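Hello! Here is the structure I promised to pass on to you. Please have it open while you read the notes that follow.

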Amino acid sequence: MKYAHLIKLTVFSYESENSKIILGALLRFFPFNLEDNKVTLKRSIASGFNERKIGIFEIILTKNSLIDQFLRNLLSNLDEKQQNQILQQAESRLDKNIDFFLRFDKDSWINEKRLVLTDSGKCYHIRISIAAFPKKRDVALNVIKAIFPEKLKNKVSVITDSS
């Protein structure tokens with residue numbers, strides 16, 4: 001099943017931050033070598049508040065096999081609570097263009113190698129262009145449920161033998 005047409009990851013590196021560490025953590029999102037798979041890491045500079053320089057790292061995936069590998073790696077780094085939270089918030093994370101957005105706390109991923117959902121701007125930002133046909137919100141939500149399946153742990157009823 002095709003889940004996404006495109007996945008875009010972006011992270012900002014401010015002057016006070018170590019851009020090499022931020023880039024290294026960005027690359028941990030990928031279970032494959034970018035260069036070997038002809039995936040481009042785009043680096044740009046923007047001016048922030050008081051003309052401070054902000055480095056922007058951006059990676060875009062378009063190949064189905066790489067998108068699948070990326071999503072499997074992402075899921076393996078999310079605990080059950082995080083996956084359930086994503087499913088509960090799926091409506092608000094999906095925009096009118098059928099793009100799905102996730103933000104993960106930068107410090108937690110860098111220092112603890114742990115993905116933690118955040119609303120903060122200090123994050124690794126992921127945009128997933130959902131492969132929904134027809135391109136409708138309810139179809140896209142079903143695709144999201146296929147990407148982040150509900151865990152059965154709390155839904156399994158125990159059958160006991162009463163004889």
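**What turned up**

Lysine 38 sits in the loop that joins helix 1 (19-27) to strand 2 (41-47); helices (H or I, at least four residues) and strands (E, at least two) are DSSP runs, numbered from the N terminus. This is a predicted model, where local features need pLDDT of at least 70 and side-chain atom pairs count only at pLDDT 80 or more, while totals for chains, interfaces and linings use all residues. Residues are numbered from 1 along each chain as its sequence is written, and side-chain values use heavy atoms, leaving out hydrogens and water.

Although lysine 38 is not a glycine, its phi is positive, at about 55°. Lysine 38 is exposed, with a relative accessible area of 73% (exposed means over 50%, buried under 20%, partly exposed in between, with a 1.4 Å probe and protein chains only).

Isoleucine 98 is also not a glycine and has a positive phi of about 65°. You will find isoleucine 98 in the loop between helix 4 (90-93) and strand 4. Is isoleucine 98 buried or exposed? Isoleucine 98 counts as buried, at 4% relative accessibility.

Next, look at aspartate 105, which belongs to strand 4 (residues 99-105). Leaving aside residues up to four places away in sequence, aspartate 105 touches Val116, Thr118 and Lys122 (contact means heavy atoms within 4.5 Å). The side chain of aspartate 105 also reaches the backbone nitrogen of serine 108 at 2.8 Å.

Finally, visit proline 134, in the loop between strand 5 (123-130) and helix 6 (137-147). The peptide bond from phenylalanine 133 to proline 134 is cis, with omega near -5°.

Enjoy exploring!

Technical notes. A polar contact is a pair of N or O atoms within 3.5 Å; within protein, one must be able to donate a hydrogen and the other to accept it, and residues adjacent in sequence count only if both atoms are side-chain atoms.
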